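Subject: Structure handover

Hello,

Here is the structure I promised to pass on.

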Amino acid sequence: MSLQVSELRVYYRTLKGEVRALDGMTFELGDGEILGLVGESGCGKSTLGKSLIRMDGRMRHVGGTVVLDGQELPIGDDRAMNDFRFREVSLIPQYAMSALNPTRKLRKMVTELLRSRGSAVDTAELERRMDQVGLPREVLDRYPIELSGGMKQRMVMVISTLLDPSLLIADEVTSALDVSTQKAVARALLGFRESGYVKSMIFVTHDIALTHHIADTIMVMYAGRLAEKAPADVIVKAPRHPYTKLLLDSLPEVGVRYADRRLEGIPGSPPSLLDPPTGCRFRARCPIAGDECAQDPPVAELAPDHHVACWKA
Amino acid sequence: MLRLDDVTKEFRIGAFGGKSVTAVREVSFEVVPGEVVSLIGESGSGKSTIGRMILGLNPVTRGSITFDGRPVRAGKEYYRHIQGIFQDPFSSFNPVFKADRVYNMIKEAYYPAVPRAEWAERVEAALRDVRLNPGQVLGKYPHQLSGGQLQRLLIARALLLDIKLLVADEITSMLDASTRIDVLNLLAELKARGLGVLYITHDLSLGTYLAERTVVLRRGSVVEMGLTGRVFGDPLHPYTRELLSAVPRMNQAWDDATPVDSCVHHERGASGALIEAEPGHFVACARLDTCP
Amino acid sequence: MTTLQETEPREREGVRREALHFAVRNGKLMAGFGIVVVLLVLGLVGPLLAGGTPNDYGTRPMSPPSAEHWLGTTTFGQDIFLQFVHGLRATFLVGVIGGGIAAVIGMLVGFVAGYRGGAVDEVLNMLTNVILVIPTLAVLLIINAYLGIRSVAVQGLFIGLTQWPWAARAIRAQTFSLRTREFVDLARMSGSGTWRIISREIAPNMSSYLFMTFILLFGGAILIASSLDFIGLGPTEGVSLGLMLQNANQWSALQLGMWWWFVPPGAGITAIVGALYVANVGLDEVFNPKLRET
């Protein structure tokens, strides 16, 4: 197992109290596996991604452990994490546009960045990887502003994987891109794994259809907890958790017409994590909720590699 | 009802507007009552600029936009019949005021004579039309409401007027999947009231879900338009094909269409004149007969 | 952070109360305003309590502070405390008039340029930049020398007319970013005109910013007035802290060791302006949650 997360709890400090953004997440990620992390805004998926690499000032590690390649990550200790960032865990941020220093040419920026990590630039390797994602080499002698959104995103991808991290976290990397660019970026990510630049990857997104094309396994989160985790095809074709089912039913696909088949959303909204309800957190919106749902549903392995947190599944 | 004829928009850039870029190039189409037309394009296609010109927020450089035969004249009377909703619900509301202030603004401008109690009833009726519980949304500040609620508040605002055309610019792109579809369904219901809806989006699946007719834009020009089923069922233009193949679908793998830039007949940026390939199905390609 | 937007709906009344909560707990703000208020009260009430005219010659010249003359007297026997409280009055007046006029012009130009954009913006921006690069002190010198400023109010007026450009630039930049927000489009589609949008949509969004602009202009006006007074181009009638300094300098108070003559006006100016700037930093912390010390 490349990554083992157990009972991870990360809270946000706010004026009103602590927001339980991650409330007991347990999951594993195998070598060479791409995990698609999906969920709606506020479900904790971005918090999970951030927790594995860099917590911001308002986040607090409350409990649980993260083990990467047999070594425990000191995720609550910002300074100790510095030894792991980039080398072991790396992140492609959502806004690659703002991740690049606008006053530096890219070649200089890459050199400075690697020097700060105590490495020298292997230009041949850098250019080889740029070829792989379809970036012309001249890009290195340009300023970030001269690049299109998709090019910047791919440049950031190349930079953040230069030191061959074990785990790569891609946080909503495609959501600001056009569909055709999105496809190129997604394929480049797949190429990184093939070439062994990264061992495993967590692909955070709200787009289930896109995840399905990239991920081996999809994990659906709801209100700070795991709802369902299974191989990508199983999630899409045979989901067991009612939330996953309803979510899939609400997605229009090319060709589905209102006049032919009216899709429905999920009524209600996710609970506040400031003071989360007891029991199953999806209970209030769930069409099949029953009395037993007042108890917390445990995450059960209903079939090999198919984990579901639901009494009714 | 709404008609665009050879609409072109050039933006002046640089000091004293020395240079200009063409954002929209000779676009013509029509929206009739009781119809949803989707305007599909990627970033930089000029789709939002078209929406803003229709709403009178940006002037037209050349060509004409007419509504019921009269040219766009931004002002109170025009906005009585045409309203717009934009992408970011949180930016559509002034954050320092309560969200329901948008209704007071409508009342002040259009219905100053309506008694307060009657107005409150009208607002509540409009809210129920968009499936909002008045008690849950009135008297709240924008940040206390969800994106889906805010967008529905804006649809209700349009319904308070004598509205005939709604321009919906990416109104669901910032919403969650589970609430997005409800807003789309509302738009679909509006046409049953005889409204025309111009639905602007980059998302093909959302566009095809709603629209009777589709207009595909690329770099400011229309490359293909016609009935939605025909445009996406049998796409003729290489760009439409490329778009369609890039959309991730649940039940099939990505297939590769020939990129439009590699099409020898399609010059970058400037596409040919629209020709009618079959009744009502227009495509900007002069070499259809030789296309694979 | 999406998580927080979804899960932390804060009450707007709560936000106002929150601002007040942070305001009363912000040491910088309270200390700064405290000093200003004390001096203001002194300037308003002082002249009423201590009777007499500040420039009247007295019988005991050059005396150090005593029970009779709290801050001592000048070479001519004028009571320095009396001059000081009258001077405070003049100094606040020049701040209000100068700062007020500069703020009004700055807002007008900034809002119009930022909101209308295009040619209007280019013309106004050029005007702003021209006035910005004119050495205002030199211009004030010339104006003063030719016209001979008689009253504090006129001095304030001239300061106001020359100090608005940077405020205009700052407000223009803010307006520029706000006018592309969609609620402005929505207001236009509700039949609102330019002025209504500026006053009812844009201005309320930057009220804290406008308030801070005024404070800075107020302090700036006081400082400039004092400089003018000190180099002898102040009002020919009345008293001000700057004029007191000028007189002290002119009659060699420093060389004669009459510290009580120049210390109070110098300290007064420093205290008012310094306190305003400290309060401004405090305000910044109150209105900008990112700067709040938690």
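In chain B, strand β3 (residues 36-40) is joined to strand β9 (residues 213-218) by four bridges, and the two run parallel. This is a predicted model, so local features need pLDDT of at least 70 and side-chain atom pairs count only at pLDDT 80 or more, while totals for chains, interfaces and linings use all residues. Residues are numbered from 1 along each chain as its sequence is written, and chains are lettered from A and ligands numbered from 1 in the order in which they are written.

Two terms first. Helices (H or I, at least four residues) and strands (E, at least two) are DSSP runs, numbered from the N terminus. Strands pair if DSSP finds at least two bridges between them.

Back to β9(B). I40(B) has V216(B) as its bridge partner there. On to strand β10 (residues 221-227) of chain B: six bridges join β9(B) to β10(B), and this pair runs antiparallel. R213(B) sits opposite L227(B) of β10(B). The two strands β9(B) and β10(B) make a hairpin, with two residues between them. In the turn, R219(B) has a positive phi of about 45°.

Is β9(B) buried or exposed? It is mostly covered, with six of its six residues buried. Buried means that 20 or more other C-beta atoms, placed from the backbone, lie within 10 Å of the residue's own. In a regular strand, side chains alternate between the two faces of the sheet. Here R213(B), V215(B) and L217(B) point one way, while T214(B), V216(B) and R218(B) point the other way.

Chain B also has an open sheet of four strands, in the order β2-β1-β4-β5, with antiparallel pairing. Its edge strands are β2 (19-31) and β5 (70-71), each pairing on one side only. Nine bridges link β1(B) (residues 2-13) to β2(B). One bridge sets V7(B) against V27(B) in β2(B).

Next, the interface. 22 residues of chain B are in contact with 18 residues of chain C. Contact means C-beta atoms, placed from the backbone, within 7 Å. On the chain B side, α2 (76-81), β6 (82-85) and α3 (101-110) each supply at least two residues. Which of the elements gives the most? That is α3(B), with five residues. By class, this side has 13 nonpolar, seven polar and two charged residues. Nonpolar covers Ala, Val, Leu, Ile, Met, Phe, Trp, Tyr, Cys and Pro; charged covers Asp, Glu, Lys and Arg; the others, Gly among them, are polar.

Two helix pairs remain. Axes are lines fitted to C-alpha atoms, for helices over the stretch in contact, and angles run from 0 to 180 degrees between N-to-C directions.

In chain C, the axes of α11 (residues 207-230) and α12 (residues 241-250) come within 7 Å and cross at roughly 30°. α11(C) and α12(C) are therefore roughly parallel (angles under 35 degrees). Residues that meet include A225(C) and L228(C) from α11(C), and L241(C) and L245(C) from α12(C). This contact has six nonpolar, three polar and one charged residues.

In chain A, α6 (residues 149-160) packs with α7 (residues 179-194) at an angle of about 10°, with axes 10 Å apart. That makes α6(A) roughly parallel to α7(A). Among the residues that meet are M157(A) in α6(A) and V185(A) in α7(A). The contact holds four nonpolar, four polar and one charged residues.

Best wishes

Methods. Parallel < 35°, antiparallel > 145°, perpendicular 65-115°, else oblique. Contact = placed C-beta atoms within 7 Å. Buried ≥ 20, exposed ≤ 12 C-beta atoms within 10 Å, placed from the backbone.
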